[in-house]
Amino acid sequence: MKIHEYQAKEILARHKVPVPRGIVVEHRSEALKAAQEVGTSPVVVKAQIHAGGRGKGGGVKLAKTPQDAEKHAGEILGMTLVTPQTGPEGRLVKKVLIEEGMQIAKELYLGILLDRQTSRVLIMASEAGGMEIEEVAAKTPEKIIKETVDPIVGVHPFQARKLAFALNVNKEAMKGLVPLIMNLYTCFVREDCSLLEINPLVITTDDRVLCLDAKFDIDDNAMFRHKETQAFRDRGEEDPMEIDASNFHLNYIKLDGNIGCMVNGAGLAMATMDIIKLSGGEPANFLDVGGGANEEMIENGFRILLSDPHVKAIFINIFGGILRCDILARGVIAAVEKLHVKVPVVVRMEGTNMEEGHNILKNSGLNFIVGNGMKDAAQKVVKAIQ
């Protein structure tokens with residue numbers, strides 16, 4: 001689950017991680033009072049959407065006076081903000097954060113994430129704060145410092161000091177940076193994050209260390225432990241089809257292609273998208289119905305796939321284990337008949353009751369295309385839309 005910047009800073013403050021003073025508002029009329037309460041000159045008016053690069057799109061503005069803050073809030077609220085991370089459709093801005101301005105001496109990057117190669121938490125830091133870390137990694141990878149944390153003992157003070165020294169901060173800033181790193185790691189673990197990114201982490205001219213921006217990705221599977229954080233979910237920032245899919249325990253992510261994919265298992269989904277690309281096609285989505293899918297889930301999967309007007313064919317790639325191939329075949333037939341599916345449907349199934357499943361499809365009277373293995377099925381679905 002993703003959350004807004006102002007919500008991320010609320011969580012950080014609970015864990016004694018220093019953040020700027022700020023007030024979130026939803027109406028222009030509230031911005032004047034909020035700027036007065038923040039009490040600095042300037043203040044920063046920041047659009048609150050689930051995407052980075054807001055400044056480049058005009059979603060972050062400096063206001064020298066409370067009146068300027070009111071004016072900028074009026075300009076930003078209600079705008080469709082387009083950034084490199086939103087896509088060309090952009091996001092509607094419904095809230096802005098009025099935050100204290102400050103004199104910045106240095107901008108840093110600090111991120112904590114799960115390193116799947118080592119199965120440990122990785123802390124990354126860089127002096128190239130304020131830039132996208134992917135760009136830094138591509139052009140100047142030597143500027144990224146990494147520290148792996150033992151999950152049993154957690155982050156050591158010496159590791160935090162090692163990172164701080166590598167960032168070339170002065171002695172006064174070091175006093176704030178070391179505990180910030182340790183508290184940030186504690187926050188990452190206790191909040192069940194998969195990513196916690198501070199960009200930029202700033203050092204002010206009076207040697208304060210603050211998280212000027214914050215990005216959280218929180219593990220959905222752990223949300224039952226975080227009742228307060230559940231209330232932070234903003235469905236308006238999520239794809240409606242992804243929300244619809246989650247209501248039926250389906251995992252769905254929209255992509256830019258025209259071949260709808262229905263699979264069982266995340267690994268198989270990734271392999272399916274890869275083989276479609278290798279066959280010259282473009283996947284329209286990632287849709288995982290899971291191992292325990294039933295006819296209702298398959299029907300809803302079809303409905304969600306077909307709600308994307310770009311989908312010109314459907315590729316069903318199922319390994320029958322818990323979900324037997326005969327049950328899959330009946331579910332597919334029922335969905336195609338009920339939803340009056342007009343696009344080509346290519347089916348590749350392997351596993352339990354595979355032959356029975358193939359016979360059910362063959363005797364259905366419907367025009368299914370059956371693939372003999374993943375490669376053959378992928379080639380057939382690409383050919384079907386050419």
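This is a predicted model: local features need pLDDT of at least 70, side-chain atom pairs count only at pLDDT 80 or more; totals for chains, interfaces and linings use all residues.

Student: What makes the contact between Glu99 and Lys9 a salt bridge?

Tutor: The closest N and O atoms of Glu99 and Lys9 are 2.6 Å apart, and since the cut-off is within 4 Å, the pair forms a salt bridge. This pair links distant parts of the chain, with Glu99 in strand β6 and Lys9 in helix α1, 90 residues apart. Glu99 is also buried, because its relative accessibility is 2%.

Student: How do you know that Lys175 counts as exposed, while Glu172 counts as partly exposed?

Tutor: Lys175 has 54% relative accessibility and so counts as exposed, the limit being over 50%, whereas Glu172, at 42%, counts as partly exposed. The side chains of Glu172 and Lys175 meet in a salt bridge, at 3.2 Å from N to O, and they are separated by about one helical turn because they lie three residues apart in helix α6.

Student: Why is helix α9 called oblique to helix α13?

Tutor: The axes of α9 and α13 come within 9 Å and cross at roughly 55°. That angle makes α9 oblique to α13, because angles under 35 degrees count as roughly parallel and those from 65 to 115 as roughly perpendicular.

Terms used: Residues are numbered from 1 along each chain as its sequence is written. Side-chain values use heavy atoms; hydrogens and water are left out. Axes are lines fitted to C-alpha atoms, for helices over the stretch in contact, and angles run from 0 to 180 degrees between N-to-C directions. Helices (H or I, at least four residues) and strands (E, at least two) are DSSP runs, numbered from the N terminus. Angles under 35 degrees count as roughly parallel, over 145 as roughly antiparallel, 65 to 115 as roughly perpendicular and the rest as oblique. Buried means under 20% relative accessible area, exposed over 50%, partly exposed in between (1.4 Å probe, protein chains only).
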